[in-house]
Amino acid sequence: MIEAVGLTKRYGAKTAVHNLTFQVRPGAVTGFLGPNGSGKSTTMRMILGLDVPSAGRVTIGGQPFHKLPNAPRQVGALLDAKAVHGGRSARMHLLSLAQLSGIPARRVDEVLGVVGLQDVARKRSKGFSLGMGQRLGIAAALLGDPQVLLFDEPVNGLDPEGILWVRNLMKGLAAEGRTVFVSSHLMSEMALTADHLIVIGRGQLMADMSVKDFISANSAGFARVRTPDGEVAAREKLTTALVEAGAQVLSEQDGALRVTGLALPRISDIAHDVDTRLWELSPHQASLEEAYMRMTQGAVDYRSTQDQRAGLQAPPAQHGWQQPAAAPQGWAEQAYPVLPGEQPNPYAQPVAAPQAPAPAAPAAPTTPRPPGPLRRARPPT
Ligand SMILES: Nc1ncnc2c1ncn2[C@@H]1O[C@H](COP(=O)(O)OP(=O)(O)OP(=O)(O)O)[C@@H](O)[C@H]1O
(Lines give C-alpha, C1' and ligand atoms only; values in the text may rest on other atoms or scores of the structure.)
Protein backbone atom coordinates (compact mmCIF):
# COMPACT_ATOMS: atom_id res chain seq x y z
CA MET A 1 0.00 0.00 0.00
CA ILE A 2 1.11 3.55 -0.72
CA GLU A 3 0.28 6.05 1.99
CA ALA A 4 0.70 9.83 1.81
CA VAL A 5 0.17 11.96 4.91
CA GLY A 6 0.17 15.75 4.67
CA LEU A 7 2.40 15.47 1.61
CA THR A 8 3.58 18.88 0.44
CA LYS A 9 6.12 20.03 -2.14
CA ARG A 10 7.22 23.59 -2.71
CA TYR A 11 9.55 24.76 -5.46
CA GLY A 12 10.54 28.23 -4.24
CA ALA A 13 7.33 30.22 -4.09
CA LYS A 14 5.43 27.60 -6.08
CA THR A 15 3.44 25.04 -4.11
CA ALA A 16 3.14 22.08 -6.46
CA VAL A 17 1.54 19.71 -3.93
CA HIS A 18 -0.26 20.82 -0.79
CA ASN A 19 -1.11 18.66 2.21
CA LEU A 20 -2.10 15.52 0.30
CA THR A 21 -3.33 12.63 2.42
CA PHE A 22 -4.45 9.44 0.69
CA GLN A 23 -3.90 5.71 0.48
CA VAL A 24 -3.48 3.56 -2.60
CA ARG A 25 -4.55 0.04 -1.74
CA PRO A 26 -3.54 -3.31 -3.17
CA GLY A 27 -5.88 -5.35 -5.33
CA ALA A 28 -7.29 -2.40 -7.26
CA VAL A 29 -6.33 -0.03 -10.04
CA THR A 30 -6.31 3.48 -8.59
CA GLY A 31 -6.52 6.26 -11.15
CA PHE A 32 -4.69 9.50 -10.41
CA LEU A 33 -6.40 12.39 -12.14
CA GLY A 34 -5.94 16.12 -12.29
CA PRO A 35 -5.56 18.93 -14.81
CA ASN A 36 -2.17 19.79 -16.32
CA GLY A 37 0.20 21.09 -13.68
CA SER A 38 -1.94 19.88 -10.77
CA GLY A 39 0.94 17.98 -9.18
CA LYS A 40 0.50 14.36 -10.29
CA SER A 41 4.07 13.81 -11.50
CA THR A 42 5.48 15.64 -8.49
CA THR A 43 3.49 13.34 -6.19
CA MET A 44 4.71 10.27 -8.05
CA ARG A 45 8.29 11.48 -7.87
CA MET A 46 7.97 11.92 -4.10
CA ILE A 47 6.51 8.41 -3.76
CA LEU A 48 9.59 7.12 -5.61
CA GLY A 49 12.05 9.14 -3.56
CA LEU A 50 13.06 11.25 -6.57
CA ASP A 51 11.86 14.43 -4.88
CA VAL A 52 12.02 15.19 -1.18
CA PRO A 53 8.74 16.43 0.38
CA SER A 54 8.82 19.93 1.86
CA ALA A 55 6.42 18.62 4.52
CA GLY A 56 4.54 15.44 5.27
CA ARG A 57 5.57 11.96 4.24
CA VAL A 58 4.83 9.18 1.82
CA THR A 59 5.51 5.51 2.42
CA ILE A 60 5.27 2.23 0.55
CA GLY A 61 4.36 -0.70 2.77
CA GLY A 62 5.09 1.55 5.75
CA GLN A 63 8.61 2.58 4.64
CA PRO A 64 9.83 5.59 2.70
CA PHE A 65 11.14 4.53 -0.72
CA HIS A 66 14.81 5.06 0.16
CA LYS A 67 14.51 2.66 3.11
CA LEU A 68 13.01 -0.19 1.07
CA PRO A 69 15.42 -3.10 0.78
CA ASN A 70 16.07 -3.76 -2.94
CA ALA A 71 13.41 -1.23 -3.96
CA PRO A 72 13.26 -2.20 -7.69
CA ARG A 73 11.98 -5.64 -6.69
CA GLN A 74 9.23 -4.07 -4.62
CA VAL A 75 8.25 -1.03 -6.65
CA GLY A 76 8.17 -0.60 -10.43
CA ALA A 77 7.47 2.68 -12.18
CA LEU A 78 7.02 4.24 -15.57
CA LEU A 79 7.50 7.98 -15.19
CA ASP A 80 9.13 9.13 -18.38
CA ALA A 81 9.36 6.68 -21.27
CA LYS A 82 12.06 8.84 -22.90
CA ALA A 83 14.45 8.41 -19.99
CA VAL A 84 16.39 5.72 -21.85
CA HIS A 85 19.92 5.68 -23.27
CA GLY A 86 19.01 5.87 -26.98
CA GLY A 87 22.20 4.15 -28.10
CA ARG A 88 21.35 0.99 -26.20
CA SER A 89 19.10 -1.74 -27.47
CA ALA A 90 15.87 -2.45 -25.59
CA ARG A 91 17.39 -5.66 -24.27
CA MET A 92 20.63 -3.99 -23.15
CA HIS A 93 18.67 -1.24 -21.42
CA LEU A 94 16.64 -3.77 -19.46
CA LEU A 95 19.66 -5.98 -18.85
CA SER A 96 21.58 -3.12 -17.25
CA LEU A 97 18.60 -2.32 -15.00
CA ALA A 98 18.29 -6.01 -14.10
CA GLN A 99 21.98 -6.34 -13.23
CA LEU A 100 21.79 -3.35 -10.88
CA SER A 101 19.05 -5.09 -8.89
CA GLY A 102 20.25 -8.68 -9.09
CA ILE A 103 17.42 -9.69 -11.39
CA PRO A 104 18.26 -12.70 -13.60
CA ALA A 105 18.70 -12.13 -17.37
CA ARG A 106 15.90 -14.54 -18.23
CA ARG A 107 13.44 -12.09 -16.64
CA VAL A 108 14.52 -9.51 -19.26
CA ASP A 109 13.42 -11.80 -22.10
CA GLU A 110 10.25 -12.59 -20.20
CA VAL A 111 9.19 -8.92 -19.86
CA LEU A 112 10.20 -8.18 -23.47
CA GLY A 113 7.69 -10.85 -24.43
CA VAL A 114 5.03 -9.49 -22.07
CA VAL A 115 5.21 -6.02 -23.68
CA GLY A 116 5.48 -7.39 -27.23
CA LEU A 117 8.98 -6.02 -28.00
CA GLN A 118 10.72 -9.39 -28.48
CA ASP A 119 11.19 -8.81 -32.24
CA VAL A 120 12.90 -5.44 -31.78
CA ALA A 121 14.75 -6.34 -28.58
CA ARG A 122 18.15 -5.86 -30.21
CA LYS A 123 17.31 -2.59 -31.96
CA ARG A 124 18.53 0.72 -30.56
CA SER A 125 15.79 2.42 -28.60
CA LYS A 126 16.45 5.81 -30.20
CA GLY A 127 14.66 4.49 -33.29
CA PHE A 128 11.59 3.53 -31.27
CA SER A 129 8.21 5.16 -31.81
CA LEU A 130 6.45 6.81 -28.85
CA GLY A 131 4.34 3.68 -28.35
CA MET A 132 7.36 1.36 -28.47
CA GLY A 133 9.09 3.61 -25.91
CA GLN A 134 6.05 3.32 -23.65
CA ARG A 135 6.18 -0.47 -23.95
CA LEU A 136 9.87 -0.43 -23.04
CA GLY A 137 9.11 1.76 -20.02
CA ILE A 138 6.37 -0.64 -18.92
CA ALA A 139 8.81 -3.56 -19.35
CA ALA A 140 11.27 -1.77 -17.04
CA ALA A 141 8.51 -1.26 -14.45
CA LEU A 142 7.61 -4.96 -14.54
CA LEU A 143 11.22 -6.17 -14.43
CA GLY A 144 11.46 -6.79 -10.69
CA ASP A 145 7.99 -8.41 -10.56
CA PRO A 146 7.07 -5.77 -7.95
CA GLN A 147 4.00 -5.66 -5.74
CA VAL A 148 3.61 -1.88 -6.20
CA LEU A 149 3.44 -0.27 -9.64
CA LEU A 150 3.22 3.37 -10.65
CA PHE A 151 2.48 4.43 -14.20
CA ASP A 152 2.47 8.07 -15.32
CA GLU A 153 0.39 8.31 -18.52
CA PRO A 154 1.12 4.74 -19.65
CA VAL A 155 -1.12 4.81 -22.72
CA ASN A 156 0.47 7.97 -24.12
CA GLY A 157 1.23 7.28 -27.79
CA LEU A 158 -0.19 3.77 -27.85
CA ASP A 159 -2.46 2.59 -30.66
CA PRO A 160 -5.92 1.18 -29.80
CA GLU A 161 -4.56 -2.35 -29.55
CA GLY A 162 -1.83 -1.07 -27.21
CA ILE A 163 -4.35 0.82 -25.09
CA LEU A 164 -6.47 -2.30 -24.71
CA TRP A 165 -3.37 -4.27 -23.79
CA VAL A 166 -2.36 -1.73 -21.08
CA ARG A 167 -5.91 -1.78 -19.73
CA ASN A 168 -5.88 -5.56 -19.39
CA LEU A 169 -2.35 -5.51 -17.99
CA MET A 170 -3.30 -3.04 -15.22
CA LYS A 171 -6.42 -4.97 -14.33
CA GLY A 172 -4.49 -8.24 -14.35
CA LEU A 173 -1.78 -6.81 -12.06
CA ALA A 174 -4.44 -5.55 -9.63
CA ALA A 175 -6.28 -8.89 -9.77
CA GLU A 176 -3.02 -10.53 -8.63
CA GLY A 177 -3.27 -8.38 -5.49
CA ARG A 178 -0.74 -5.73 -6.52
CA THR A 179 -1.04 -2.01 -5.87
CA VAL A 180 -1.49 -0.20 -9.19
CA PHE A 181 -1.42 3.61 -9.27
CA VAL A 182 -1.87 5.13 -12.70
CA SER A 183 -2.23 8.70 -13.95
CA SER A 184 -3.99 9.52 -17.17
CA HIS A 185 -5.82 12.32 -18.94
CA LEU A 186 -7.86 9.82 -20.95
CA MET A 187 -11.11 9.72 -19.02
CA SER A 188 -12.79 7.13 -21.19
CA GLU A 189 -9.83 4.83 -20.56
CA MET A 190 -9.78 5.52 -16.83
CA ALA A 191 -13.49 4.74 -16.65
CA LEU A 192 -12.74 1.30 -18.09
CA THR A 193 -9.54 0.63 -16.16
CA ALA A 194 -9.73 2.16 -12.68
CA ASP A 195 -11.68 0.92 -9.68
CA HIS A 196 -10.83 3.85 -7.47
CA LEU A 197 -9.88 7.49 -8.14
CA ILE A 198 -7.72 10.08 -6.49
CA VAL A 199 -8.33 13.48 -8.04
CA ILE A 200 -6.18 16.52 -7.35
CA GLY A 201 -6.44 20.13 -8.47
CA ARG A 202 -3.73 22.75 -7.95
CA GLY A 203 -1.88 20.31 -5.72
CA GLN A 204 -4.79 19.65 -3.38
CA LEU A 205 -6.96 16.60 -2.91
CA MET A 206 -10.36 16.99 -4.53
CA ALA A 207 -11.73 13.45 -4.39
CA ASP A 208 -10.78 10.00 -3.11
CA MET A 209 -13.52 7.52 -3.98
CA SER A 210 -14.64 4.74 -6.29
CA VAL A 211 -15.23 5.57 -9.96
CA LYS A 212 -18.94 4.85 -9.49
CA ASP A 213 -19.25 7.18 -6.49
CA PHE A 214 -17.21 9.86 -8.26
CA ILE A 215 -19.57 9.89 -11.22
CA SER A 216 -22.68 9.97 -9.08
CA ALA A 217 -21.26 12.66 -6.75
CA ASN A 218 -20.29 14.93 -9.63
CA SER A 219 -23.09 14.49 -12.07
CA ALA A 220 -26.73 13.78 -12.03
CA GLY A 221 -28.30 10.93 -13.90
CA PHE A 222 -30.52 12.16 -16.68
CA ALA A 223 -33.31 11.02 -18.93
CA ARG A 224 -33.23 11.16 -22.70
CA VAL A 225 -36.60 12.15 -24.04
CA ARG A 226 -37.41 12.16 -27.73
CA THR A 227 -40.59 13.44 -29.30
CA PRO A 228 -41.52 12.47 -32.88
CA ASP A 229 -39.19 14.02 -35.48
CA GLY A 230 -40.61 17.13 -37.08
CA GLU A 231 -43.11 17.84 -34.27
CA VAL A 232 -41.28 20.98 -33.15
CA ALA A 233 -44.25 22.58 -31.40
CA ALA A 234 -44.89 19.45 -29.34
CA ARG A 235 -41.24 19.32 -28.34
CA GLU A 236 -41.26 22.94 -27.22
CA LYS A 237 -44.52 22.47 -25.34
CA LEU A 238 -43.04 19.51 -23.50
CA THR A 239 -39.79 21.41 -22.78
CA THR A 240 -41.75 24.29 -21.23
CA ALA A 241 -43.85 21.92 -19.13
CA LEU A 242 -40.79 20.05 -17.90
CA VAL A 243 -38.98 23.27 -16.97
CA GLU A 244 -42.10 24.51 -15.14
CA ALA A 245 -42.10 21.25 -13.20
CA GLY A 246 -38.53 21.96 -12.04
CA ALA A 247 -36.47 20.03 -14.60
CA GLN A 248 -33.37 21.24 -16.37
CA VAL A 249 -33.62 20.55 -20.06
CA LEU A 250 -30.87 20.49 -22.67
CA SER A 251 -31.11 19.68 -26.36
CA GLU A 252 -28.92 16.99 -27.79
CA GLN A 253 -27.73 17.12 -31.38
CA ASP A 254 -30.18 14.50 -32.59
CA GLY A 255 -33.08 16.59 -31.27
CA ALA A 256 -33.64 14.55 -28.11
CA LEU A 257 -34.02 16.34 -24.78
CA ARG A 258 -31.63 15.65 -21.91
CA VAL A 259 -33.72 16.06 -18.76
CA THR A 260 -32.37 16.21 -15.21
CA GLY A 261 -34.22 16.73 -11.97
CA LEU A 262 -37.34 14.67 -12.66
CA ALA A 263 -37.94 10.94 -12.34
CA LEU A 264 -38.91 9.03 -15.47
CA PRO A 265 -42.55 8.35 -14.40
CA ARG A 266 -43.01 12.08 -13.74
CA ILE A 267 -41.65 12.95 -17.19
CA SER A 268 -44.03 10.42 -18.70
CA ASP A 269 -46.99 11.91 -16.78
CA ILE A 270 -46.08 15.45 -17.87
CA ALA A 271 -45.83 14.34 -21.51
CA HIS A 272 -49.25 12.76 -21.16
CA ASP A 273 -50.67 15.94 -19.56
CA VAL A 274 -49.47 18.12 -22.45
CA ASP A 275 -50.65 15.56 -24.97
CA THR A 276 -47.21 14.83 -26.40
CA ARG A 277 -46.22 11.43 -27.78
CA LEU A 278 -42.77 10.13 -26.90
CA TRP A 279 -40.48 8.09 -29.13
CA GLU A 280 -37.94 7.63 -26.38
CA LEU A 281 -37.77 7.92 -22.59
CA SER A 282 -34.62 6.30 -21.22
CA PRO A 283 -32.46 6.63 -18.08
CA HIS A 284 -28.76 7.53 -18.49
CA GLN A 285 -25.69 7.89 -16.29
CA ALA A 286 -23.18 10.66 -17.03
CA SER A 287 -19.69 9.69 -18.19
CA LEU A 288 -16.54 9.90 -16.06
CA GLU A 289 -15.27 12.61 -18.41
CA GLU A 290 -18.32 14.75 -17.77
CA ALA A 291 -18.12 14.23 -14.00
CA TYR A 292 -14.40 15.04 -14.07
CA MET A 293 -14.95 18.20 -16.11
CA ARG A 294 -17.60 19.37 -13.71
CA MET A 295 -15.43 18.77 -10.67
CA THR A 296 -12.17 20.22 -11.96
CA GLN A 297 -13.39 23.17 -13.99
CA GLY A 298 -12.27 25.64 -11.31
CA ALA A 299 -8.84 24.03 -10.89
CA VAL A 300 -7.66 24.26 -14.49
CA ASP A 301 -4.56 26.43 -14.89
CA TYR A 302 -4.00 26.21 -18.63
CA ARG A 303 -6.94 26.91 -20.90
CA SER A 304 -7.17 27.87 -24.55
CA THR A 305 -8.34 31.41 -25.21
CA GLN A 306 -10.79 29.77 -27.61
CA ASP A 307 -12.30 27.66 -24.82
CA GLN A 308 -15.62 29.26 -23.93
CA ARG A 309 -15.13 28.23 -20.32
CA ALA A 310 -12.17 30.65 -20.09
CA GLY A 311 -14.72 33.36 -19.30
CA LEU A 312 -17.34 31.02 -17.89
CA GLN A 313 -19.80 32.08 -20.55
CA ALA A 314 -22.11 29.73 -22.37
CA PRO A 315 -21.85 26.03 -21.60
CA PRO A 316 -19.42 24.23 -23.86
CA ALA A 317 -20.83 22.01 -26.58
CA GLN A 318 -19.81 18.82 -24.79
CA HIS A 319 -20.97 15.51 -26.08
CA GLY A 320 -23.24 17.15 -28.58
CA TRP A 321 -25.11 19.25 -26.07
CA GLN A 322 -26.74 22.48 -27.15
CA GLN A 323 -28.66 25.03 -25.20
CA PRO A 324 -32.36 24.36 -25.39
CA ALA A 325 -34.78 26.98 -26.61
CA ALA A 326 -36.38 27.07 -23.18
CA ALA A 327 -33.30 26.97 -20.97
CA PRO A 328 -33.87 27.76 -17.32
CA GLN A 329 -32.95 31.25 -16.18
CA GLY A 330 -29.28 31.64 -15.41
CA TRP A 331 -28.22 28.49 -17.22
CA ALA A 332 -26.43 30.43 -19.96
CA GLU A 333 -24.15 32.03 -17.37
CA GLN A 334 -22.91 28.80 -15.86
CA ALA A 335 -20.50 26.37 -17.38
CA TYR A 336 -21.79 23.48 -15.30
CA PRO A 337 -24.65 24.40 -12.96
CA VAL A 338 -25.18 22.44 -9.79
CA LEU A 339 -27.79 19.88 -10.66
CA PRO A 340 -30.50 18.59 -8.34
CA GLY A 341 -29.04 16.11 -5.90
CA GLU A 342 -25.47 17.14 -6.75
CA GLN A 343 -22.88 18.48 -4.34
CA PRO A 344 -21.62 21.95 -5.29
CA ASN A 345 -18.09 21.91 -6.67
CA PRO A 346 -15.93 23.58 -3.99
CA TYR A 347 -13.40 24.55 -6.65
CA ALA A 348 -15.84 26.07 -9.13
CA GLN A 349 -15.09 29.69 -9.94
CA PRO A 350 -17.85 32.19 -9.27
CA VAL A 351 -20.03 32.80 -12.30
CA ALA A 352 -19.20 36.49 -12.50
CA ALA A 353 -15.47 35.97 -11.94
CA PRO A 354 -13.30 38.31 -14.00
CA GLN A 355 -11.06 36.69 -16.59
CA ALA A 356 -7.90 37.24 -14.60
CA PRO A 357 -5.26 34.54 -15.05
CA ALA A 358 -5.15 31.92 -12.33
CA PRO A 359 -2.64 32.70 -9.58
CA ALA A 360 0.64 31.11 -10.58
CA ALA A 361 1.87 30.24 -7.14
CA PRO A 362 -0.69 29.54 -4.45
CA ALA A 363 1.62 29.18 -1.46
CA ALA A 364 -1.28 28.08 0.68
CA PRO A 365 -4.88 26.95 0.15
CA THR A 366 -7.07 29.62 -1.40
CA THR A 367 -9.05 31.86 0.92
CA PRO A 368 -11.75 31.14 1.83
CA ARG A 369 -10.56 27.60 2.08
CA PRO A 370 -12.75 25.18 0.16
CA PRO A 371 -14.47 22.43 2.03
CA GLY A 372 -12.56 19.18 2.40
CA PRO A 373 -12.30 16.74 -0.47
CA LEU A 374 -15.05 14.34 -1.25
CA ARG A 375 -14.27 10.95 0.19
CA ARG A 376 -16.06 7.68 0.23
CA ALA A 377 -15.26 4.74 2.37
CA ARG A 378 -13.77 1.80 0.54
CA PRO A 379 -14.32 -1.78 1.39
CA PRO A 380 -11.18 -3.31 2.86
CA THR A 381 -9.06 -5.06 0.26
N1 LIG B 1 11.41 20.99 -10.64
C2 LIG B 1 10.45 21.92 -10.61
N3 LIG B 1 10.73 23.21 -10.36
C4 LIG B 1 9.75 24.14 -10.31
N5 LIG B 1 8.44 23.88 -10.52
C6 LIG B 1 8.10 22.62 -10.78
C7 LIG B 1 9.08 21.56 -10.84
N8 LIG B 1 8.41 20.40 -11.10
C9 LIG B 1 7.10 20.72 -11.21
N10 LIG B 1 6.93 22.05 -11.01
C11 LIG B 1 5.64 22.76 -11.03
O12 LIG B 1 4.76 22.08 -10.15
C13 LIG B 1 3.46 22.05 -10.70
C14 LIG B 1 3.00 20.61 -10.78
O15 LIG B 1 3.69 19.98 -11.85
P16 LIG B 1 3.49 18.45 -12.19
O17 LIG B 1 4.43 18.13 -13.34
O18 LIG B 1 3.63 17.65 -10.96
O19 LIG B 1 1.99 18.42 -12.68
P20 LIG B 1 1.18 17.27 -13.45
O21 LIG B 1 -0.14 17.16 -12.76
O22 LIG B 1 2.01 16.03 -13.53
O23 LIG B 1 1.01 17.91 -14.88
P24 LIG B 1 0.77 17.23 -16.32
O25 LIG B 1 -0.60 16.61 -16.28
O26 LIG B 1 0.84 18.39 -17.25
O27 LIG B 1 1.87 16.22 -16.53
C28 LIG B 1 3.53 22.75 -12.05
O29 LIG B 1 3.12 24.08 -11.88
C30 LIG B 1 4.99 22.69 -12.39
O31 LIG B 1 5.36 23.79 -13.18
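The model is a predicted one, in which local features require a pLDDT of at least 70 and side-chain atom pairs a pLDDT of 80 or more, whereas totals for chains, interfaces and linings use all residues. Residues are numbered from 1 along each chain as its sequence is written, and side-chain values use heavy atoms, with hydrogens and water left out.

Helices (H or I, at least four residues) and strands (E, at least two) are DSSP runs, numbered from the N terminus. A backbone N or O atom of Gly-37 is placed 2.8 Å from a ligand oxygen, and a backbone N or O atom of Gly-39 is 3.0 Å from one. In the side chain of Lys-14, an N or O atom is found 3.4 Å from an oxygen atom of the ligand. On its own the ligand has 640 Å² of accessible area, of which the protein covers 63%; such areas come from the Shrake-Rupley method with a 1.4 Å probe.

Helix α1 (residues 40-47) is largely enclosed by the rest of the structure, because six of its eight residues are buried. Buried denotes under 20% relative accessible area, exposed over 50%, and partly exposed the range in between (1.4 Å probe, protein chains only). The buried residues of α1 are Lys-40, Thr-42, Thr-43, Met-44, Met-46 and Ile-47. Just after α1, Gly-49 adopts a positive phi of about 70 degrees.

Most residues other than glycine have a negative phi. Glu-153, although not a glycine, has a positive phi of about 50 degrees. Glu-153 is located in the loop between β6 (148-152) and α5 (160-175) and is buried, at a relative accessible area of 18%. Arg-202, also not a glycine, has a positive phi of about 45 degrees. The loop between β8 (196-201) and β9 (204-210) contains Arg-202, which is buried with a relative accessible area of 19%.

The structure contains 15 salt bridges, each defined as a side-chain nitrogen of Lys or Arg within 4 Å of a carboxyl oxygen of Asp or Glu. In the salt bridge between Asp-145 and Arg-178, the closest N and O atoms are 2.9 Å apart. This pair links distant parts of the chain, 33 residues apart: Asp-145 is in the loop between α4 (130-142) and β6, and Arg-178 in the loop between α5 and β7 (179-183). Asp-145 is partly exposed at 42% relative accessibility, whereas Arg-178 is buried at 10%.

Arg-167 and Glu-189 form a salt bridge with their closest N and O atoms 2.8 Å apart. Because Arg-167 lies in helix α5 and Glu-189 in helix α6 (residues 187-193), the pair ties together parts 22 residues apart in sequence. Both Arg-167 and Glu-189 are buried.

A network of salt bridges links Arg-224, Arg-226, Asp-229, Glu-252, Asp-254, Arg-258, Glu-280 and Glu-290. Within the pair Arg-226 and Asp-229, the closest N and O atoms are 3.0 Å apart, and Asp-229 is exposed at 52% relative accessibility.

Methods:
Polar contact = N/O pair within 3.5 Å; in protein donor to acceptor, adjacent residues only side chain to side chain.
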